[in-house]
Amino acid sequence: MREHIREFNKYSGLFWMITYRDVKVRYKQSLMGFMWAILMPVLVVISGIGVRYAYALAAHALLNKADVASVAVKALPWAFLVSSIRFSCNSLLSNKELVTKIYFPKEIFPLAAVMASLFDLFVASGALLIFLFAIHVGWSMQLMWVPLLLGTIVVFACGIGMIVSAAGLFFRDVKYIVEVLLTFGIFFTPVFYDTRMFGDKAKWLLLNPVAPILECLSACVTRQQPPDPLWIAYSLGFGMAALVGGYLFFKRLEPAFAENI
Amino acid sequence: MADVALRMEHVYKKFRKGEVFNSLRDLVPALTGRMFQRQDLAGHDQREFWALRDVSFEVKHGEAFGIIGHNGAGKSTILKILSRIMRPTKGSIVVNGRLSALLEVSAGFHPDLTGRENIFLNGTILGMNRREIESKLDQIISFSELEDFIDTPVKRYSSGMYARLGFSVAAHVDPEVLIVDEVLSVGDHMFQQRCMERMSSILKGGRTVLFVSHNLKAVSELCSRAMLLKKGEVAIISGTDSVVRHYLKDAQEPCAGDESKPVYISQVRVSDERGERSTFESGQTAWIDVEVTARERVQKLAVLLWLADERQYQIFQTSTEVLGHSRFCLHPGENYRCRFELSLNMGQGTFYLDVAIGRYDIQKVYDRKAPAATVFIRSTSAVRGVVNCFPKLVEAETVLDSRLQERRT
């Protein structure tokens with residue numbers, strides 16, 4: 001494994017080049033260009049606010065500022081996760097020529113796909129910051145947690161990305177399964193709702209490794225409360241397991257890629 | 001051991017042919033189908049085939065090694081194994097030094113990026129770092145002759161431009177070991193010429209090159225040693241000349257010819273005083289021995305000889321009759337032998353020798369071999385073109401134009 005990592009290091013220039021290509025190519029020949037990186041999460045946030053409004057109506061309560069902010073804060077990482085998994089799932093298949101013709105560590109493809117999605121997240125985060133500032137959400141030292149939380153979700157995305165890209169190369173079914181899971185995943189993940197709404201059943205929802213990350217993000221950005229370190233550790237553990245497991249899985253299958261694509 | 005750049009030892013590679021399961025939906029019926037047909041297990045083995053069988057060879061540092069063989073002989077599989085894209089089923093490989101494989105020069109191109117961006121992308125894929133590419137960028141662009149289109153997305157390129165840009169990037173990679181597969185067949189004649197020159201200059205720089213091509217001329221010009229592959233097995237490893245000859249002999253149909261032919265050409269040999277060969281220096285004398293065998297009684301025969309260039313354009317013709325040997329008559333079981341002597345005053349290139357036996361008076365050709373043999377001509381760089389006119393520079397000086405002189409005074 002150490003040897004693999006040394007080799008990846010040797011090809012780091014290529015990794016950034018492929019990332020650059022993916023970012024650059026993503027919105028080519030589209031009128032909106034990079035605006036899409038902002039527009040997509042904006043659409044998710046708008047629909048999330050719609051859902052929250054419906055909750056509020058049903059509970060005969062008013063939609064407050066914190067709820068809106070929380071939806072916005074959670075929608076972005078979720079959109080990142082969805083796009084990076086979807087994108088990396090196709091990354092090997094859409095680079096068929098390179099997979100079968102030229103040698104280099106192939107994990108570059110799914111990882112670059114995650115990086116390109118991360119770039120989109122940063123662009124969108126800029127817009128989010130303006131939005132949060134505009135609706136006067138305060139800030140506190142709790143924001144220090146944000147890099148760790150984002151790091152956790154990136155690690156998780158990398159792991160899952162490697163697994164689905166390698167598996168999808170052998171069986172095209174994986175692509176469809178992933179699509180379905182990503183589409184319905186939003187119902188099982190607290191993006192449009194808070195786990196607190198479920199009272200003592202909340203911990204069952206938090207078992208979904210993505211849920212604690214989103215809840216903690218929302219806690220430290222919109223409510224200025226310290227996140228629960230135990231749940232962070234739980235997610236981080238899951239993320240690291242996905243990363244290491246995904247990497248080993250990917251490397252094990254890699255020699256057979258060229259023949260089976 | 002240290003001077004070995006590439007080595008393959010008893011390499012085997014197995015492929016499955018026929019259906020490959022790309023989705024679970026395909027897999028399930030196939031598996032149940034197999035359950036109900038137990039006796040089909042023997043057939044299961046037939047679906048595997050060996051693309052390479054016991055292939056061993058080594059290439060020394062600074063050597064140019066060629067691999068030739070018909071389609072499906074396993075050439076590309078060897079390159080893919082050496083460049084670690086595939087793993088051999090059995091056997092081992094050794095690679096010493098930074099290896100770069102030009103299997104598909106435009107593989108890394110992205111249609112939406114401009115030519116310039118693709119140079120960076122493809123250069124990185126082929127193993128150059130950013131600084132290296134920046135320093136060679138102008139060279140690469142001018143080599144490709146695409147200065148005017150370099151900031152156009154490559155999806156707007158013609159396929160020739162696409163391939164030219166690909167080769168230009170590839171030709172400027174600076175590896176210790178270079179693996180080349182059929183990349184020289186891009187672009188027009190001029191561009192190919194420059195590709196060849198570039199390849200030979202890479203070779204002169206002491207690089208190790210493994211070269212795979214159908215272009216026998218290119219192989220024989222670039223490589224000193226070669227290997228002939230036949231259905232995944234090594235047929236011969238030797239000097240390029242003898243390997244090429246072996247390959248060409250292989251390609252010929254068996255000499256007995258069609259049963260219906262009353263006379264047929266039973267043998268054609270190209271040689272000089274040192275024996276049978278296929279490569280000659282420009283201007284050298286070659287002997288062409290033709291043997292004709294008769295099945296029936298045929299009258300008024302003549303042996304005809306043509307030379308054609310690479311594009312099958314006839315550049316020369318002769319026959320026993322025009323050379324003064326009268327028409328001859330053959331009885332069943334009789335052989336006729338003749339030897340032509342030709343001065344090969346052609347320029348560098350590949351030429352095809354066609355032989356026919358026929359009758360002039362009724363314009364009938366009984367048997368024809370095209371090509372009966374292939375000859376490669378080598379010449380000095382002073383001669384370019386189809387023929388060698390043995391140029392000499394007799395006089396050269398600078399003279400002032402008299403009209404200009406008047407105007408000046």
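This is a predicted model: local features need pLDDT of at least 70, side-chain atom pairs count only at pLDDT 80 or more; totals for chains, interfaces and linings use all residues.
**Gly after α4(B).** I started at B:Gly127, which follows α4(B) and has a positive phi, near 100°. Helices here are DSSP runs (H or I, at least four residues), strands are E runs of at least two, and both are numbered from the N terminus. Residues are numbered from 1 along each chain as its sequence is written, while chains are lettered from A and ligands numbered from 1 in the order in which they are written.

**α4(B) itself.** Is this helix enclosed or open? I found ten of the eleven residues of α4(B) (115-125) buried, so the rest of the structure largely encloses it. Buried means 20 or more other C-beta atoms within 10 Å of the residue's own (exposed is 12 or fewer, partly exposed in between; C-beta atoms are placed from the backbone). Among the buried ones I listed B:Glu117, B:Asn118, B:Phe120 and B:Ile125. They pack against α5 (130-144) and α6 (159-171) of chain B, and also against α2 (12-26) and α5 (96-101) of chain A.

**The A/B contact.** Next I looked at where the chains touch: chain A puts in 21 residues and chain B 24. Contact means C-beta atoms, placed from the backbone, within 7 Å. On the chain A side, α2, α5 and α12 (257-260) each give two or more residues. For the classes, Ala, Val, Leu, Ile, Met, Phe, Trp, Tyr, Cys and Pro are nonpolar, Asp, Glu, Lys and Arg charged, and the others, Gly among them, polar.

**α2(A) against α6(A).** I then followed α2(A) to α6(A) (108-134): their axes come within 8 Å and cross at roughly 50°. Axes are lines fitted to C-alpha atoms over the stretch in contact, with angles from 0 to 180 degrees between N-to-C directions. The two are therefore oblique, meaning not under 35 degrees (roughly parallel), over 145 (roughly antiparallel) or 65 to 115 (roughly perpendicular). Residues meeting here include A:Phe15 and A:Ile18 from α2(A), and A:Phe109 and A:Met115 from α6(A). I get twelve nonpolar, one polar and two charged residues in this contact.

**A sheet in chain B.** Last, I traced an open, antiparallel sheet of four strands, β11-β10-β13-β17. Strands pair if DSSP finds at least two bridges between them. The edges are β11 (275-276) and β17 (335-343), each pairing on one side only. Two bridges join β10(B) (263-272) to β11(B), and B:Ser271 sits opposite B:Glu276.

How values were computed. Two residues are in contact if their C-beta atoms, placed from the backbone, lie within 7 Å.
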